[in-house]
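Colleague: Hi! Could you walk me through this structure?

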Amino acid sequence: MKKIIYSAFSLLLLITLLYGCVEDPHPGGGILNAALPSVTISIEGVTATSVTVKIDVDVENGAPVSECGVCWTTAEDILPTLVNDTLVAGHTKGSFTVTIHDLIPDQPYYLRPFATNSVGTSYTEEKKEIITQDGLGIVHTLEVVDITAISAECGGKIEL
């Protein structure tokens, strides 16, 4: 009787070992439990043809940020995404200030920040509306040269 119990137990153990062992699961690429990064935007300044914005990537959420910046459109009825005009501000967590140039004066623009990690791209839910200024642009004075007692030569550039 002991021999039968021992044989049955040995057979059960052998079957368990053969069919109970499986390969270790492969969780796939990427970082487990990572989520989309958190990003915000603030308007720093607006001219006739440019807008300066500050992008803050506050939280990476478990995966490093590979790219962040701002996207914009002139269409009021859509939320800007990466398929619209885009300016990359940085490639990590932190604060970045960038200027969007060559805008049309007295035109509304709709801005939204983005941040991308291995999980995907996140945006703010709301878009920021700005209207470029109308009027003269910014005057940039060049270096003064040929200075004498009664005259000096200088140039400049007007940025609209």
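Modeller: Let's start with D106, which sits in the loop between β5 and β6. Strands here are DSSP runs of E with at least two residues, helices are runs of H or I with at least four, and both are numbered from the N terminus. This is a predicted model, so local features need pLDDT of at least 70 and side-chain atom pairs count only at pLDDT 80 or more, while totals for chains, interfaces and linings use all residues. Residues are numbered from 1 along each chain as its sequence is written, and side-chain values use heavy atoms, leaving out hydrogens and water.

Colleague: What is the phi of D106 near?

Modeller: Phi of D106 is near 55 degrees, a positive value in a residue other than glycine. D106 counts as partly exposed, at 49% relative accessibility. Buried means under 20% relative accessible area, exposed means over 50%, and partly exposed is in between (1.4 Å probe, protein chains only).

Colleague: And where does D102 lie?

Modeller: D102 also belongs to the loop between β5 and β6. Its phi is positive too, about 65 degrees, although D102 is not a glycine.

Colleague: Is D102 buried or exposed?

Modeller: D102 counts as exposed, because its relative accessibility is 74%.

Colleague: New topic: which order do the strands of the open sheet have?

Modeller: The three strands run β1-β2-β5, with antiparallel pairing. Two strands pair if DSSP finds at least two bridges between them. The edge strands, each pairing on one side only, are β1 (38-46) and β5 (94-100). On average, neighbouring strands of this sheet are turned by 20 degrees against each other, direction ignored. For that, axes are lines fitted to C-alpha atoms (for helices, over the stretch in contact), and angles run from 0 to 180 degrees between N-to-C directions.

Colleague: How many bridges do β1 and β2 pair over?

Modeller: Eight, in the antiparallel sense, with β2 covering residues 51-59. As one example, T40 has D56 in β2 as its bridge partner.

Colleague: Which residues touch the most other members in the largest nonpolar core?

Modeller: Of its 18 residues, those are V51, V53, V70, W72, I100 and L111. At least two core residues each come from β1, β2, β3 (67-73), β5 and β6 (108-117). The largest share, four residues, is supplied by β2. A nonpolar core is a set of buried Ala, Val, Leu, Ile, Met, Phe, Trp, Tyr and Cys residues joined through side-chain atoms within 4.5 Å.

Colleague: Last one: how far apart are I131 and A48?

Modeller: They are 83 residues apart in sequence and 8.7 Å apart in space, C-alpha to C-alpha. I131 is found in strand β8 (residues 128-131).
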